[in-house]
Amino acid sequence: MEEMKRELADIIRAYHQKGWSPATSTNYSFRLASNPNVIVISKSGIDKSLFSSDDFMEVDLKGLALPAYAGIRSSAETLIHCKLYELFPEMMCIVHSHSVYSVLQSMKNQTSVELSGYEVLKGFEGICTHDTTVQVPVFDNTQDMPAFAEVLTRDKNRLTVPAFIMRQHGTYAWGRNLFEAKRHLETAEYLFEVDWKFSH
Ligand SMILES: [Zn+2]
């Protein structure tokens, strides 16, 4: 677990360098195969440029802090992590960005971002050719996390790639391990940027 925390903390600081987590925003989590009922998630309010392996806490599958972390606040978006792990039980890591291009794309596209013909689409698990079209869903942003979790349940069939955008907010991506979750977020963010630049 300590190694996973260090690896994810390194990635969190690198993503801050990319401008994906301004002003303490964004959140990240993972589970271990040895105990998938525990979610290790970033604490709330930590400056992501300084994020370290000490800045994680543990919650249960309902998002409640485990006793060792009583009184410490996890991310306000913890319930999104809980719901994604429930919907995709084989997934073990979730990463999130507040990138400029995800926000721009979500203001242009009402229901999904259509991405077609790009080589980097192969970064999404199961896609083996550039010669395809992918829809990344866009959901309206909200502060009502139980309601948003219900939207994810209702629209699970729209999650055909392991990523979605919350409108004017950012991207969530997930994977069976940290490497895969990272690849999925970077794939999505790269494609949002190149697609936006092509059309503007
Ligand atoms: Zn967020």
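User: How many of the 10 residues of helix α2 are buried?
Analyst: This is a predicted model. Helix α2 spans residues 78–87 and is mostly covered. The run Thr78, Leu79, Ile80, His81, Cys82, Lys83, Leu84 and Tyr85 is buried.

User: Which elements do the buried residues of α2 pack against?
Analyst: The partners include one helix, α4 (145–154). Strands are also among them.

User: Which residues of strand β5 form its covered face?
Analyst: Strand β5 covers residues 112–116. Ser112, Glu114 and Ser116 make up the uncovered face. The covered face holds Val113 and Leu115.

User: Which residue in β6 is the bridge partner of Ser112?
Analyst: Strand β6 spans residues 133–139 and runs antiparallel to β5. The two strands are joined by 5 bridges. Ser112, on the uncovered face of β5, has as its partner in β6 Pro137.

User: Is Ala23 buried or exposed?
Analyst: Ala23 sits in the loop between α1 (2–17) and β1. Its phi is positive, near 55 degrees, though Ala23 is not a glycine. Most residues other than glycine have a negative phi. Ala23 has 8 other C-beta atoms within 10 Å, and the cut-off is 12 or fewer, so Ala23 is exposed.

User: Is Thr26 buried or exposed?
Analyst: Thr26 also lies in the loop between α1 and β1. Its phi is positive too, about 85 degrees. Thr26 has 25 other C-beta atoms within 10 Å, and the cut-off is 20 or more, so Thr26 is buried.

Technical notes. Residues numbered from 1 in each chain as written. Predicted model: local features only at pLDDT ≥ 70, side-chain atom pairs only at ≥ 80, totals over all residues. Helix = DSSP H or I, 4+ residues; strand = E, 2+ residues; numbered from the N terminus. Pairing = 2+ DSSP bridges. Contact = placed C-beta atoms within 7 Å.
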